[in-house]
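Please open the model in a viewer and keep the selection tool at hand.

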Amino acid sequence: MAKILICDPVDAEAIAQMREAGLEVDVRDTISLEELEQVLNQYDGMVVRSRTKVRQPLIDAAPNLKLIVRGGVGLDTIDVDYARSKGITVLNTPAANSAAVAELVIGLMLTLARHITLADATMKAGKWEKKALEGTEIAGKTLGLIGYGRIGRLTAQKARALGMNVVGYDPFITINDAGVRAVELEELLKISDYISLHVPTTPQTRGMVSTAQFAQMKPTAYVINAARGGVVDEAALYTALVNKVIAGAALDVYTEEPPKSEGLLQLIALPQVVALPHLGASTVEALGRVGGEVAALVIEHFKK
């Protein structure tokens, strides 16, 4: 009987499905890296999400490991090539949480446009800041999408339904959707009112939006990162916001999660920043879809 370790939260129904298929499943969804290194050699498969990073030392500590399943889109939290060189199959669930992340991006745009979090905070503080919190409408504004995979496409559809103009840049995918104009990155930065990133963290994308890119944006522009920590240079973003190079930002992902460094905490504390604790895929529906796909992948692998 194959033994599976659940390292991050997974839908209970998915766990039940794996057990019904004859797999021995241990749920330790708050396990630390130190504990993981000590026990992983007992398992044939592991299920992770964004919290658990599977790097070379951890892989070396698990000679019996045959399968890693990442519940989510990216695989940048796993040393994929090294794992596969050890004969370990690495799989993910790229479609399961796309709708949830796309909806969150739309919500963040509306929050920035109408100062929703600031308005709520001032009301709770007993203030009535009606005049100071005049907002703007997103209809008629331009949304620039950096990266045009599943989440980018869904975000474009929802933005266009709200009357936005959408442009996109992706060096790897041909953008040919009706109503979305493909542009080079420089043009996207210059014309967009909202810029949303939808790329993984790779050597090519790390820090791809930094000082030079902020300088090309409108002073009224907003940047949204619900993709991966590191694709936006956080120190450069702080400087751009403090110096009013751009108007604001919304962040759901960070180079350090949870944030602890002084610079990152200063960025999050800025009033023109909306900060969330990596909620992109945290919906009941997305968790259910991710869990269902994870269970199917694990069961199919060990049936073979």
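Helices (H or I, at least four residues) and strands (E, at least two) are DSSP runs, numbered from the N terminus. This is a predicted model, in which local features need pLDDT of at least 70 and side-chain atom pairs count only at pLDDT 80 or more, while totals for chains, interfaces and linings use all residues. Residues are numbered from 1 along each chain as its sequence is written, and side-chain values use heavy atoms, without hydrogens and water.

Select S1 (residues 3-6) and S2 (residues 24-27): the two run parallel and are joined by four bridges. Strands count as paired if DSSP finds at least two bridges between them.

Next, select S3 (residues 45-48), which runs parallel to S1 and is joined to S1 by three bridges.

Move to helix H7 (residues 150-161) and colour Ile151, Gly152, Thr155, Ala156 and Ala159, which are buried (under 20% relative accessible area; exposed is over 50%, partly exposed in between, with a 1.4 Å probe and protein chains only). Seen down the axis of H7, these buried residues fall within an arc of 135 degrees, so they line one face of the helix; the arc is that of the directions from the helix axis to the C-beta atoms. On the other side of H7, Gln157 and Ala161 are exposed.

Finally, select Gly163, which follows H7 and has a positive phi, near 85 degrees.
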